[in-house]
Amino acid sequence: PAAQTASFLSSEIDELIQLLLQESYATRSGVEQQSLGKHACVIAVGGSGRGLVAPYSDADLLFLFRRPAGSAFEEFTGEVVRECWDAGIKLGHSLRSLSEAIAMAREDVQAATSLVDARRLWGNQSLFETFQGRVQRKVFLGRERSFIEACLASREEEREQYGDSVKQLEPDIKRSAGGLRDVHLIRWIGYACYNVADIEGLQEQ
């Protein structure tokens with residue numbers, strides 16, 4: 001089944017990326033390792049965060065850091081990204097400080113929705129938990145209406161671009177009306193309302 005395939009692909013890609021991350025980390029100096037270990041992490045977002053990756057899709061990653069990691073993490077990220085490409089993994093990635101990531105999510109609804117299913121792949125657990133807390137407080141809490149309205153507007157633009165008719169001969173199964181993106185829309189609105197994103201949890205609500 002499709003869901004099992006997407007879950008299997010996600011798991012295999014996770015393992016390979018984690019291996020490449022650890023191999024690159026092992027080549028760093030002791031001082032750099034200490035800095036990266038305290039002030040950096042790599043987060044799966046979007047479809048990768050959900051643990052569902054379709055064949056030929058990008059792996060979506062956020063390379064997140066606190067300022068003390070700075071240039072060391074930037075160099076580390078560049079090396080890992082090149083290794084991923086050499087290994088055949090297509091990346092959709094960004095490198096951002098904690099404050100930059102929060103600011104982007106507040107300004108860009110697509111950045112915000114990608115964080116609904118954020119999942120730590122590697123690095124400092126405390127930084128990841130701090131990030132999750134700030135996302136909840138500064139991106140979603142008290143901004144539910146504007147977030148939902150932005151999601152609906154973005155979805156309407158996609159429908160216009162990829163086809164609003166459910167009777168298209170060749171619909172875009174992700175972005176056309178009735179496609180996967182409409183399922184995502186339900187989950188994003190549900191998350192804003194109930195802090196729950198999975199379908200089973202939303203059914204309970």
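Helix axes are taken here as lines fitted to C-alpha atoms over the stretch in contact, with angles running from 0 to 180 degrees between N-to-C directions. The structure is a predicted model.

In this model, helix α5 (residues 98-107) packs with helix α7 (residues 125-140) at an angle of about 30°, and their axes lie 10 Å apart. Because angles under 35 degrees count as roughly parallel, α5 is classed as roughly parallel to α7. The crossing of α5 and α7 is right-handed. On the α5 side, L98, A101, I102, A105 and R106 take part, meeting L127, T130, F131, R134, V135, K138 and V139 of α7. The residues of this contact comprise 8 nonpolar, 1 polar and 3 charged.

The axes of helix α1 (residues 2-26) and α4 come within 10 Å and cross at roughly 135°, which makes α1 oblique to α4. This crossing of α1 and α4 is right-handed. Residues I17, L20, L21, S24 and Y25 of α1 form the contact with F76, E79, V80, E83 and C84 of α4. By class, the residues of the contact of α1 with α4 are 7 nonpolar, 1 polar and 2 charged.

Apart from neighbours within four places in sequence, V81 is in contact with F63, L91 and H93. The C-alpha atoms of V81 and L95 are separated by 11 Å, the two residues being 14 residues apart along the chain.

Methods
Residues numbered from 1 in each chain as written. Predicted model: local features only at pLDDT ≥ 70, side-chain atom pairs only at ≥ 80, totals over all residues. Heavy atoms only, no water. Contact = heavy atoms within 4.5 Å. Helix = DSSP H or I, 4+ residues; strand = E, 2+ residues; numbered from the N terminus. Parallel < 35°, antiparallel > 145°, perpendicular 65-115°, else oblique. Left-handed = near helix turned anticlockwise from the far one by under 90°. Nonpolar A, V, L, I, M, F, W, Y, C, P; charged D, E, K, R; others polar.
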